[in-house]
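Hi everyone, thanks for making time. I'd like to walk you through one structure today, from its surface down to its sheet. Let me put it on the screen.

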Amino acid sequence: MGRPHALVTGGAGFVGSHLVDSLLADGYQVTSLDNFGSGRATNLEHVDSERFRSLDHDVSEPFPDLGPVDSVYHFASRASPADFETHAVEIARTNSLGTANALECAREHDATVILASTSEVYGEPEVHPQPESYNGNVTVRGPRAPYDESKRFSEALAVAYEQQYGVDTRTVRIFNTYGPRMSPTDGRVIPNFVSQALRGDDLTVYGDGSQTRSFCYVSDLVAGIRAFADAPTDAAGEVLNVGSPDEVTISALAELVLEVIETDSSVRYEPLPQDDPTIRRPDLSRIEQLLEWTPTVDLETGLERTVEAFRDELDGDD
């Protein structure tokens with residue numbers, strides 16, 4: 001029997017590239033499908049394995065012949081709020097047509113699908129922290145809708161494939177994640193703060209800074225995803241929050257970044273973008289119960305590692 005073959009859509013992306021590393025380390029044959037719209041070739045340039053191949057492909061188009069596939073990690077999609085308006089149609093297509101193609105691939109090969117959903121399916125939550133049973137409060141016509149609603153649709157489509165065709169689908173709702181290989185121009189808060197501080201610019205806080213997020217370091221996230229993917233078949237059809245339970249205000253995050261980087265930068269305030277959630281924290285009781293998983297990297301340690309990676313990248317751009 002040959003090595004198991006894992007397909008990672010969005011394999012050149014921030015999370016996808018870390019998944020590629022984890023799967024290769026465990027002996028998998030790995031194929032990445034990525035059109036490098038937001039994924040970066042530099043995220044995979046360290047990979048030196050005959051068990052890996054990277055294909056330049058838009059997942060909203062039918063998949064190429066990949067040979068037998070044992071697991072499909074569907075992680076393709078722009079996720080930066082900076083892209084929600086400028087790439088709205090592409091995002092919607094990736095999370096609808098792309099998800100359909102990923103599920104069809106799994107159906108054809110009797111493979112397990114690990115679907116990357118998002119905490120954005122909860123919208124501006126009226127329940128806190130957010131359990132998987134909460135159906136959310138999403139604005140369907142706002143600037144975030146192409147991302148939020150297409151992710152909600154991708155979950156519905158995965159459930160339909162499970163119900164109608166028996167495809168083993170496992171959905172992870174990913175909360176705010178950070179770490180090396182995020183683009184300095186990503187547009188999310190930690191890359192913004194770290195890049196601004198390293199350049200000596202003031203940190204831009206939107207709103208009054210009282211809004212909260214819960215930040216999970218990427219190695220913890222990948223460990224949770226892999227544990228879910230490798231769980232017995234009774235995990236089929238499950239949806240799990242994956243993230244950090246440690247909630248922090250954006251103002252407090254800005255102060256911590258300034259401490260870690262030791263810069264003379266200060267903080268400036270700008271208006272809060274439309275439909276930007278004011279609170280965000282996962283209820284992790286389900287994943288703790290099923291998988292005995294909990295994150296281990298604290299925010300300060302994770303920021304120190306992220307700053308080091310960003311500093312190397314920004315120095316290389318000079």
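The accessible surface of this protein comes to about 14,000 Å², and carbon and sulfur atoms account for 45% of that area. Please keep in mind that we are looking at a predicted model. Of its 318 residues, 54% count as buried.

Now the overall dimensions. Taken along the principal axes, the C-alpha atoms fill a box of roughly 60 × 45 × 40 Å.

In what order do its strands run? The order is β3-β2-β1-β4-β5-β6-β11, in an open sheet of 7 strands with parallel pairing. At the edges sit β3 (52-56) and β11 (239-242), each pairing on one side only. Ignoring direction, neighbouring strands are turned by 20° against each other on average.

Let's zoom in on one pair. Strands β5 (residues 112-118) and β6 (residues 169-174) pair in the parallel sense over 6 bridges, and Ala-116 stands opposite Val-172 in β6.

Finally, two helices that pack on this sheet. Helix α1 (residues 14-25) touches β1, β2, β3 and β4, and its direction makes about 170° with that of β1. Helix α3 (residues 145-165) touches β5, β6 and β11, with its direction at about 155° to that of β5.

Thanks, and I'm happy to take questions!

How values were computed
Residues are numbered from 1 along each chain as its sequence is written. This is a predicted model: local features need pLDDT of at least 70, side-chain atom pairs count only at pLDDT 80 or more; totals for chains, interfaces and linings use all residues. Side-chain values use heavy atoms; hydrogens and water are left out. Two strands pair if DSSP finds at least two bridges between them. Helices (H or I, at least four residues) and strands (E, at least two) are DSSP runs, numbered from the N terminus. Axes are lines fitted to C-alpha atoms, for helices over the stretch in contact, and angles run from 0 to 180 degrees between N-to-C directions. Contact means heavy atoms within 4.5 Å. Buried means under 20% relative accessible area, exposed over 50%, partly exposed in between (1.4 Å probe, protein chains only). Accessible areas come from the Shrake-Rupley method with a 1.4 Å probe; for residues, only the protein chains shown count as cover.
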